[in-house]
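This report describes selected helices and their packing. The sequence and structure are shown below.

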Amino acid sequence: MIRKLSRCIREYKKDVLLTPLTATLEVVMEVIIPLLMANLIDQGIDQGNMDVILRVGLLLVACAVISLAFGVLSGFYGAKASTGFARNLRHDMYYAVQNYSFSNIDKFSSASIVTRLTTDVTNVQNAFQMMIRIAVRAPMTLIFSMIMAFGVNSQLALIFLAVMPVLGAGLALISTRAYPAFERMFKHYDRMNTVVQENLRGIRVVKSFVREDFETEKFVESSEHIRRDSVLAEKILAFNSPLMQICMYGTILLISWFGARLIVGSSMTTGQLMSMMSYAMQVLMSLMMLTMIFIMTTMSRASAKRIVEILDEESDITDGSRNVKTVKDGSIVFENVDFNYQKTGRTCLSGVNLNIKPGQTIGVLGGTGSGKTSLVQLIPRLYDVSQGKVLVGGVDVRDYNVEALREEVAMVLQKNELFSGTIKENLRWGDENASDEDIQRVCRLAQADSFIQEFPEGYDTHIEQGGSNVSGGQKQRLCIARALLKKPKILILDDSTSAVDTHTDAMIRQAFREEIPDTTKIIIAQRVTSVQDADQIIVLDGGKIADIGTHDQLMGTSAIYREVFESQQKGESANAS
């Protein structure tokens with residue numbers, strides 16, 4: 001785990017090396033100061049020697065200033081290294097997520113990924129800064145102070161060796177008890193972020209159903225779980241302070257007791273006792289800093305584990321061994337295709353065989369859960385088949401360069417997503433180099449140009465996050481225009497005209513026939529009228545192809561299709577009356 005995370009240091013290696021170096025030099029100056037103070041007292045103040053007082057006093061000031069300078073440099077380099085490390089870590093995590101397939105993304109909730117990119121990275125960043133600075137400074141202070149203490153009086157210095165095992169055992173016990181609480185706490189953070197995201201995204205639904213109190217209770221429950229685990233962890237870590245105080249004051253009392261006896265017996269000077277007290281404080285403060293490192297490491301260990309899970313997750317969809325980069329045409333063939341989602345294990349498609357010619361318009365009908373979306377997601381290889389194979393342009397999709405394949409397949413998904421920015425910026429997702437004329441042309445095809453022109457700023461109108469300031473039908477038409485701008489060989493509309501009226505739907509389909517006759521078009525719809533004039537209509541039922549044919553053929557051979565058509569016709573007649 002440490003090796004994986006350390007790869008994110010990269011260009012900040014120099015700062016990482018300078019941080020402990022300057023911290024070590026700061027410590028060297030600090031441990032010299034008590035020794036100089038002992039000389040100042042014993043040889044200067046006690047004997048009234050002003051030369052010694054001035055000379056040693058100036059050395060003390062110089063050491064203090066140099067120690068301060070190295071401390072400032074250590075803090076500067078440490079901050080630069082830790083923030084750079086965190087930036088690289090977020091960069092690598094974000095890029096890893098971008099390369100995930102849909103099945104990889106299914107393993108993590110979006111809220112969990114957000115928590116790992118923010119809270120978890122911050123915890124690891126703080127721990128990293130502590131590791132390269134405090135984790136070097138504290139042991140160095142401990143070692144140098146112990147050496148100097150033994151140099152002053154080896155008998156008194158043995159007190160340190162008696163205290164350290166007690167403190168070490170206590171810290172180990174605290175750390176092992178606190179870690180599980182922190183691990184649970186971060187999982188509850190994921191849950192709370194999920195609740196917040198769902199509430200903000202569906203706030204209009206929440207208010208229309210007057211469910212504010214219910215959503216508040218969900219948030220309070222999630223927050224309470226975090227509070228409980230946080231309090232438990234803090235209660236355990238709270239034992240650190242009394243343990244530290246007992247060890248610290250116990251050491252000072254023992255040094256004072258035995259040191260006074262040694263002074264009375266003329267085996268030790270007053271200056272040496274004062275230096276021993278200073279070294280005792282330095283040793284104990286270094287041990288206290290080590291306890292802080294233990295606490296931060298305990299907190300960050302759970303975060304580091306969650307971060308590495310993101311970095312270690314490898315996409316199960318990679319470029320094929322043949323790495324084919326050219327899609328010949330829009331033909332699509334399914335050969336004995338079975339598909340199931342790895343997360344649930346539920347079979348969605350079974351024994352699917354299809355042969356779609358370039359330029360054909362294919363309609364797909366079926367009830368909820370019949371496998372319509374799963375079927376079309378196999379074409380651009382958003383998922384891989386469990387058995388069988390899917391061929392596009394006569395080549396197995398698993399042999400293509402993934403990017404090259406998806407460049408030739410445009411999808412308008414059920415959940416249409418627009419991003420904050422202007423209409424032009426959103427549409428240029430299809431082609432970043434598209435001219436204004438190209439943008440207007442595809443918007444006319446998607447029947448979007450008319451309502452865009454009604455906006456005061458036209459194509460420069462700002463779209464709010466998620467497209468919240470446009471209607472559902474307008475959002476769908478913008479997404480269709482964005483897909484058309486790719487000039488794909490295959491266009492897939494996954495129930496993407498459900499929010500537009502039947503007249504606009506018919507005009508969009510007419511534009512497809514006239515303007516992009518060579519593009520293979522697959523239209524998933526709930527309305528029979530949306531696919532009635534398709535070259536072939538596929539009827540799915542329970543993940544299998546129940547029937548396939550034209551509208552006229554299916555009216556005679558498919559009971560499912562005929563029932564759907566007649567029920568919709570009756571509904572339209574009832575609405576008309």
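## Helix α14 and its surroundings

Helix α14 is followed by Q447, which has a positive phi, near 60°. Helices and strands here are DSSP runs, numbered from the N terminus (H or I over at least four residues for helices, E over at least two for strands). The model is a predicted one, in which local features need pLDDT of at least 70 and side-chain atom pairs count only at pLDDT 80 or more, while totals for chains, interfaces and linings use all residues. Residues are numbered from 1 along each chain as its sequence is written, and side-chain values use heavy atoms, with hydrogens and water left out.

Helix α14 spans residues 436-445, and I439, V442, C443 and L445 in this helix are buried; buried means under 20% relative accessible area, exposed over 50%, and partly exposed in between (1.4 Å probe, protein chains only). Seen down the axis of α14, its buried residues fall within an arc of 155°, so they line one face of the helix. The arc is that of the directions from the helix axis to the C-beta atoms. An α-helix has 3.6 residues a turn, so residues three or four places apart point the same way. The buried residues of α14 pack against α13 (423-427), α15 (449-454), α16 (472-484) and α17 (502-515), contact being defined as heavy atoms within 4.5 Å.

## Packing of α2 and α3

Helix α2 (residues 13-45) packs with helix α3 (residues 50-98) at an angle of about 160°, and their axes are 8 Å apart. Axes are lines fitted to C-alpha atoms, for helices over the stretch in contact, and angles run from 0 to 180 degrees between N-to-C directions. The angle makes α2 roughly antiparallel to α3 (under 35 degrees is roughly parallel, over 145 roughly antiparallel, 65 to 115 roughly perpendicular and the rest oblique). The residues of this contact of α2 with α3 comprise 23 nonpolar, 10 polar and four charged; Ala, Val, Leu, Ile, Met, Phe, Trp, Tyr, Cys and Pro count as nonpolar, Asp, Glu, Lys and Arg as charged, and the others, Gly among them, as polar.

D15 lies in helix α2. D15 is buried, with a relative accessible area of 6%. Apart from neighbours within four places in sequence, D15 contacts Y77, K80 and A81.

## Packing of α3 and α10

The axes of α3 and helix α10 (residues 270-312) come within 8 Å and cross at roughly 45°. This makes α3 oblique to α10. At this contact, L89, D92, M93, A96 and V97 of α3 meet I307, I310 and L311 of α10. By class, the contact has seven nonpolar, no polar and one charged residues.
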